[in-house]
Amino acid sequence: MIASPSSQLSGAGGPVILLGSGETAPSAQKIFHQIFATLADRGEKVRLAILETPAGFEPNSGYVAEQVALFVKKRLQNFAPAVTIIPARKRGTAYSPDDPALAAQLHDASVIFMGPGSPTYAVRQLRQSLVWETARACQRQGAALMLSSAATLAASRWTLPVYEIYKAGADLYWQPGLDFFADFGLSLLLVSHWNNSDGGATFDTSRCYIGQERFAALLDMIPDPPSAYTLVGLDENTALTLDPDARLCTVIGVGEITVIRQGETLRYAAGEEFPVQKLGDFQPLQGPAAIDSQLWQTVATAREDAARARAALPQPDAQVLTLLDLRAAARADQNWAESDQLRTEIARLGWRVLDTATEQQLEPL
């Protein structure tokens with residue numbers, strides 16, 4: 001089957017994926033694979049944009065992002081992902097999250113990723129920034145938004161200052177977060193590294209290194225009443241995927257997702273699904289609600305132009321399609337030698353074969 005040209009999706013937006021940690025751990029391959037396969041099934045090529053922002057204060061923030069890029073290119077090479085690293089590191093510098101040129105690199109992304117670093121730093125640099133508002137618009141227009149570790153914390157209604165408390169000894173406090181899910185009617189308190197055990201038997205480092213005792217004290221300090229928010233604890237190497245159109249949440253990885261709402265605690269293991277209403281009164285938005293209308297149109301135009309350009313690419317002829325069908329039959333018979341030979345023949349005719357979980361796709365070399 002040949003993938004159809006990409007187009008802007010309608011509906012409530014692309015999936016949102018929250019990882020507790022482990023974006024380059026072996027278990028992350030399954031998480032990325034599921035997201036990439038979903039894109040492939042709807043005819044989307046993987047165009048991954050990696051934002052450096054959460055680690056932008058570190059001299060090696062580029063290296064941190066590059067490790068994610070290398071992981072994806074190596075472990076998920078069958079999807080032939082096109083990866084762009086966006087150095088939106090710090091406001092007031094040459095790499096500002098308010099730089100239109102950096103924000104423009106998000107326009108055609110099918111997946112936007114942010115990961116490790118400092119959650120409070122990420123909030124300071126991204127709040128109402130051009131890059132963050134563009135990312136929000138892209139997600140609403142169909143791109144997947146993938147957040148891990150510090151970026152997950154930053155997207156929360158209230159952000160846990162883990163660096164300041166755990167490493168610098170600050171008194172317990174909360175900082176307002178990016179509150180990403182407020183647009184969807186959800187007030188979520190997101191806590192990554194929920195089951196961390198680095199402290200071993202002598203030091204409780206669960207609840208993102210804070211420990212259960214101090215975390216309980218922190219909950220008493222939240223300005224909102226407990227009935228006004230839902231706490232979502234994400235185990236390490238575990239992801240929660242929220243599909244706005246299906247209004248469904250899915251757990252992927254090796255651990256659990258803990259949901260605490262209105263005094264009720266629910267735990268969902270890897271492979272389980274649950275309705276998004278378990279997180280609160282979910283209200284999917286249509287169009288540019290809560291996003292600047294001019295920015296929304298800029299993103300929409302750029303995505304549509306890119307889709308038209310891809311649709312205008314060369315199409316495979318009958319010979320290539322016949323070889324592709326023969327390769328599908330060889331793969332069904334587990335004749336891997338013949339499958340590889342047919343892949344080579346197809347490449348000689350100018351086409352690369354991309355294998356997904358459900359189909360073969362072609363792209364011109």
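Is Gln262 buried or exposed? Hold that thought, everyone, and we'll get there in a moment.

A word on the model: it is predicted, so local features need pLDDT of at least 70, side-chain atom pairs count only at pLDDT 80 or more, and totals for chains, interfaces and linings use all residues. Residues are numbered from 1 along each chain as its sequence is written, and side-chain values use heavy atoms, leaving out hydrogens and water.

Back to Gln262, then. At 55% relative accessibility, Gln262 counts as exposed (over 50%; buried is under 20%, partly exposed in between, with a 1.4 Å probe and protein chains only). You'll find Gln262 in the loop between strand S12 (256-261) and strand S13 (264-269); strands are DSSP runs of E, at least two residues, and helices runs of H or I, at least four, numbered from the N terminus.

Next, the sheet. Eight strands form an open sheet with mixed pairing, in the order S3-S2-S4-S5-S1-S10-S11-S14; two strands pair if DSSP finds at least two bridges between them. Strand S3 (82-86) and strand S14 (273-275) are the edges, each pairing on one side only. Within the sheet, S4 (residues 111-114) and S5 (residues 144-148) pair in the parallel sense over four bridges, and Ile112 stands opposite Leu145 in S5.

Finally, two helices: H1 (residues 28-41) and H2 (residues 61-75) pack at about 75°, their axes 11 Å apart. Axes are lines fitted to C-alpha atoms over the stretch in contact, and angles run from 0 to 180 degrees between N-to-C directions. That makes H1 roughly perpendicular to H2 (65 to 115 degrees; under 35 is roughly parallel, over 145 roughly antiparallel, the rest oblique). Thanks, all!
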